[in-house]
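Let's go through this fold together and ask what stands behind each label. Have the model open as you read.

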Amino acid sequence: MKNNRTFLVTFLIILIIMTGCKSDKSELDKMVEFGQKYTDAWNSKVPEKMASFYAEGGTLTVNNGTPAVGRKQLAETANSYMEAFPDMVLTMDSLTIENDSFRYYWTFKGTNTGPNGTGNKVDFSGFEEWTMNDQGLVQKSIGTYNAVDYEKQLNGN
C-alpha cells in the first residue's frame with residue numbers, strides 16, 4: 001500500500017511539473033517552422049501560396065526597389081520569378097531573431113528559361129528582414145541580395 005501511495009505521489013509531482021512547465025515551442029522555433037513553410041510555398045510554384053504568408057496589406061521591398069504591396073502584388077512578384085525560372089529551387093539557409101524582426105536567409109537556384117530567358121543558371125543568396133503582425137504574418141519584408149552578382153550570372157558574364 002505504501003509503495004502505491006509513493007508511486008501515486010511521485011506520479012502527481014511529475015504531472016504537476018510537466019503541466020506547469022511551458023512546453024510550447026520558442027518564438028524562434030515557431031519562426032523557423034514558418035520560414036520552412038514559406039520556402040515550401042515558393043517551391044510550390046503557386047504564387048498565391050507565397051503571398052498568403054503576408055498580411056493583407058503586407059509589403060516586400062527588394063534591394064530598395066519599388067515595394068510590392070498587398071497579396072495581389074506579392075503574388076505577381078513571386079510569379080515573375082516562378083515564370084522566369086521554371087526549375088527554381090529556394091532553400092532556407094537559416095533564420096535569426098534580432099530585436100523585433102527576423103532575418104530569413106535563403107539561396108535561390110534556377111535556370112532562366114522562362115519568356116525571353118537567357119538560358120543561364122543562377123545561384124545566389126540573400127535575406128529578408130521580416131516584421132510580423134499580431135496574427136503571425138509578415139507585415140513588412142525588406143529583401144537584400146547581391147544584384148551585381150545576380151546580373152552577371154543571369155547574363156553569363
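Q: What makes strand S5 (residues 121-132) and strand S6 (residues 138-145) a pair?
A: In this predicted model, seven bridges join S5 to S6, and the two run antiparallel. Pairing asks for at least two bridges, so S5 and S6 count as paired. Along them, Met132 stands opposite Val138 in S6, and Glu128 stands opposite Gly143.

Q: What lies between S5 and S6 in their hairpin?
A: Five residues do, and Gly136 in that turn has a positive phi of about 80 degrees.

Q: How do you know that S1 pairs with S6, and which way do they run?
A: Five bridges join S1 to S6; the requirement is at least two, so they pair, and they run parallel. Here Tyr54 stands opposite Val138 in S6.

Q: Why are S2 and strand S3 (89-98) called edge strands?
A: The open sheet has the order S2-S1-S6-S5-S4-S3, with mixed pairing. S2 and S3 are its edges because each pairs on one side only.

Q: Which strands does H2 touch as it packs on the sheet?
A: H2 touches S1, S3, S4, S5 and S6, and its direction makes about 155 degrees with that of S3.

Q: How do you know what span to expect for helix H4 (residues 70-84)?
A: At 1.5 Å a residue, 21 Å is expected for its 15 residues. H4 reaches 22 Å from its first C-alpha to its last, so the span is close to the expected one.

Q: What makes Leu74 of H4 a buried residue?
A: Buried means under 20% relative accessible area, and Leu74 is among the residues of H4 that are buried, as are Ala78 and Met82. What covers the buried residues includes helix H2 (27-43) and strand S1 (54-62).

Terms used. Residues numbered from 1 in each chain as written. Predicted model: local features only at pLDDT ≥ 70, side-chain atom pairs only at ≥ 80, totals over all residues. Heavy atoms only, no water. Helix = DSSP H or I, 4+ residues; strand = E, 2+ residues; numbered from the N terminus. Buried < 20%, exposed > 50% of the residue type's maximum accessible area, 1.4 Å probe, protein only. Contact = heavy atoms within 4.5 Å. Axes fitted to C-alpha atoms, helices over the stretch in contact; angles between N-to-C directions.
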